[in-house]
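User: I would like to learn how to read helix packing in a model. Please take me through some cases.

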Amino acid sequence: MSQGVNNSELAQMEAPAESVNPEHGLPESFGEGSLGRLLFWIAVSFSTFQIITSFGIPLDQPFIAGLSLTHLLAVAMVAWAAWLIGLVMRRRSIVDGIMAWIAVAAAFGLVLWFGGSMPSQVVRTIHVGFLCLVAGAMIANHRSGSSSLRAIGWIVGFASFLVGLYHWVLYEDLIVRAGELTTLDLVVGIAGLAILIYLVWRVMGPALPIVAGLFLAYCLLGNYLPAPLDHRGYSLEQVIEHMSFGTEGIYGTPTLVSATYIFLFILFGAFMEKAGVIDFFNDISMAVFGDKQGGPGKVCVASSALMGTVSGSGVANVVASGQFTIPLMKRFGFTSAFAGGVEATSSMGGQIMPPVMGAVAFIMAETIDVPYSKIVEAAIIPAILYFAACYLAVHLEAGKRNLRGLPKSELPNAWTEMKKKWFLLAPLCVLVYLLFAGYTPLFAGAVGLSLTVALILGTAIVAGLAVPALRIAFWIGLALVAAYSLASTVTLVVLVVAALSLWNAFSGRGRTTLQACVDAMADGARQALPVGLACAVVGIVIGTMTLTGLGTIVGTWMISIGKENIFAALVLTMIFSLILGMGIPTIPNYIITSSLAAPILLQLDVPLIVSHMFVFYFGIMADLTPPVALAAFAAAPMAKESGLKIGMQALRIALPGFVIPYMAVYDPTLMLQPVPGLEGAGYWLAVVYIVIKATLAMVLWGVASVGYFLKPLTWWERLWAAVAAAFLVAAVPLTDEIGFVLSAAFVGFHIWHSRRVPTPAVSR
């Protein structure tokens, strides 16, 4: 069987005909014609606005000879306008150029209205306005069957953006009259809620809007319910003021995180993809794991783990890497369902893979007020165990089917690839350093994004330098300037990127690179849609709980159960999260479940981070759990297999993901959390013990699930392995001892039996 096919050919062979984002069902484009270009530049304006506000650089603050960025920007915009006029005089089309100029001017103009430093409340409202504008226009361009429906989609989008502008223009007035809405305020507040819910319904399906609608109905009508579910009653004005104004409803903490950390890291991932990092990770994974038993499957696990450090989005991971790995696994001999299951399972692990985890990690850090590095610390061991379980499942399945690795001659060389492209890791390494050195994720993300852009632009410049010595001198000079800029002020980092952009603007290759950067900005805005819209609409749920005290009602009920049996409380939390996750993405799932359940788990003496990570894990598992498994259905077109069958395989592979959170609750050292009475060497011995126990349980469950160890297992051997694993997980006296004895007996018996009885040939 020949394996000599390159990545792009494999992707073309079995990729779906139309590239559609499974998170929102819209194509990965902005549409055709002038409306498509208009939407493209609106997305660029959105990203430009987010970069300005996320970097937090006051545009009006002098930094060189009394000059501020505002002055430099004014000069640049005038020069740009003059260049466009010159093109007109030469009878050249400038329609695209005018839209680009307006996009940049609008983004900066929004910020300069406040003197160059925009209040957080306004950033949130404009963020949601941009999200709804892009969403409405995407729906209009891709789902409208007539010009009238297309016009309605654009009108709805612009109406929502006008809601954001209402807060922008009347920011100070709204603060002065807080709690006393005018009639116009009430109309704008209702319109903002209605349009947001409508667009989320159209983009993400009915589940999340229905949940939000039920909570909104509870605010308005809950006083008619019987005790203890009732509340004192709230008027329409009170509910709208709480939900549509201030920072308790749709502009709450999730929207804040979406408008800062999440958007910045989505852009970081988009630019890293443009820089070629995904291809680099695939090549390294192929070089290291391609020749191993079940090589293509292990390449999938490794590349997804590496990509998780960049994308932090499970479904995006499935789409990006699955187009290469799934066809390769199928051609190698794995079944379609198993290939899709491996991709779905390993890709969802990207959300828990440090150092750049999924968007939930940033929301969690902001919600429980702990440094992001602490969230990463808690996730390290579980993430390693999760991906080790995926790796083991591939290894055992390949052994069962007698699938050996790919020939070395057809694989890239890891050392050669590292020598050629090691510099692609520089922004990621700096990002990791800053996160663990105590800097905020916002600063780390801003620096990482800036370095990535500088890397892309610098690569284009170096390609035009014919003399090797000049190339070396350029990279050394750029590194020194970047280091000095970081040590002094982020403003200089922005100026370095601006200088590199100007240099590229005057060369053919450089202009192509600049266009790729602009494309990445537009892509980032489009990719932010499902995350940002979910964060906004789930604010209705949080606002309901802060307004009515619903969380206390649910908490009292769950505490009454947990006091008698904490395991029952954990199971209820898991079931609630899995059911909720069948209809809504991980982010709103986590926010809703953690708002209800995490405080209760904390009162039941579950450590703070562990209680939130427990909810987080099952929010991820929901995307792998049939009948509605988003990650599995995202892999289905590439695997050409039923999403339900892929989900069943993913569930089998991801079994440790269901077990690890329970083990962490009963032994928080699994998440490196402090334990009273354990310090120094004793603490680290406890960490080593729980890791060994969890690893052994994971191996036994994998063996039982696949039905293969050193040779195929009988049904009673599989049961034996599963029972041994269950005893290791159970947190009851003597279960550990029983589990270790059963495990040792199983391994010893299997080794003895496999030597006595020859392994039968397995048909591929």
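Analyst: Contact means heavy atoms within 4.5 Å. Helices (H or I, at least four residues) and strands (E, at least two) are DSSP runs, numbered from the N terminus. By class, the contact of α5 with α23 has 10 nonpolar, 1 polar and 1 charged residues. Ala, Val, Leu, Ile, Met, Phe, Trp, Tyr, Cys and Pro count as nonpolar, Asp, Glu, Lys and Arg as charged, and the others, Gly among them, as polar.

User: What kind of model is this, and how are residues numbered?

Analyst: This is a predicted model, in which local features need pLDDT of at least 70 and side-chain atom pairs count only at pLDDT 80 or more, while totals for chains, interfaces and linings use all residues. Residues are numbered from 1 along each chain as its sequence is written, and side-chain values use heavy atoms, with hydrogens and water left out.

User: At what angle do α5 and α23 pack?

Analyst: Axes are lines fitted to C-alpha atoms, for helices over the stretch in contact, and angles run from 0 to 180 degrees between N-to-C directions. Helix α5 (residues 120-143) and helix α23 (residues 508-537) pack at about 120 degrees, with axes 9 Å apart. That makes α5 oblique to α23; under 35 degrees counts as roughly parallel, over 145 as roughly antiparallel, 65 to 115 as roughly perpendicular and the rest as oblique.

User: Is the crossing of α5 and α23 left-handed or right-handed?

Analyst: A crossing is left-handed if the near helix is turned anticlockwise from the far one by less than a right angle, and right-handed if clockwise. α5 passes α23 in a left-handed crossing.

User: Which residues make the contact of α2 with α20?

Analyst: The axes of α2 (residues 33-55) and α20 (residues 441-463) come within 9 Å and cross at roughly 130 degrees. The crossing is left-handed. Ile51, Ser54 and Phe55 of α2 make the contact with Leu442, Ala446, Leu449 and Ser450 of α20. The residues of this contact divide into 5 nonpolar, 2 polar and no charged.

User: What is the handedness of the crossing of α11 and α16?

Analyst: The crossing of α11 and α16 is right-handed. Helix α11 (residues 253-275) and helix α16 (residues 359-368) pack at about 135 degrees, with their axes 9 Å apart.

User: Where does pLDDT stay under 50?

Analyst: pLDDT is the predictor's confidence in each residue, from 0 to 100. Where pLDDT is low, the predicted coordinates should not be read in detail. Here pLDDT stays under 50 over residues 1-17. The protein averages a pLDDT of 82, and 91% of the residues score at least 70.
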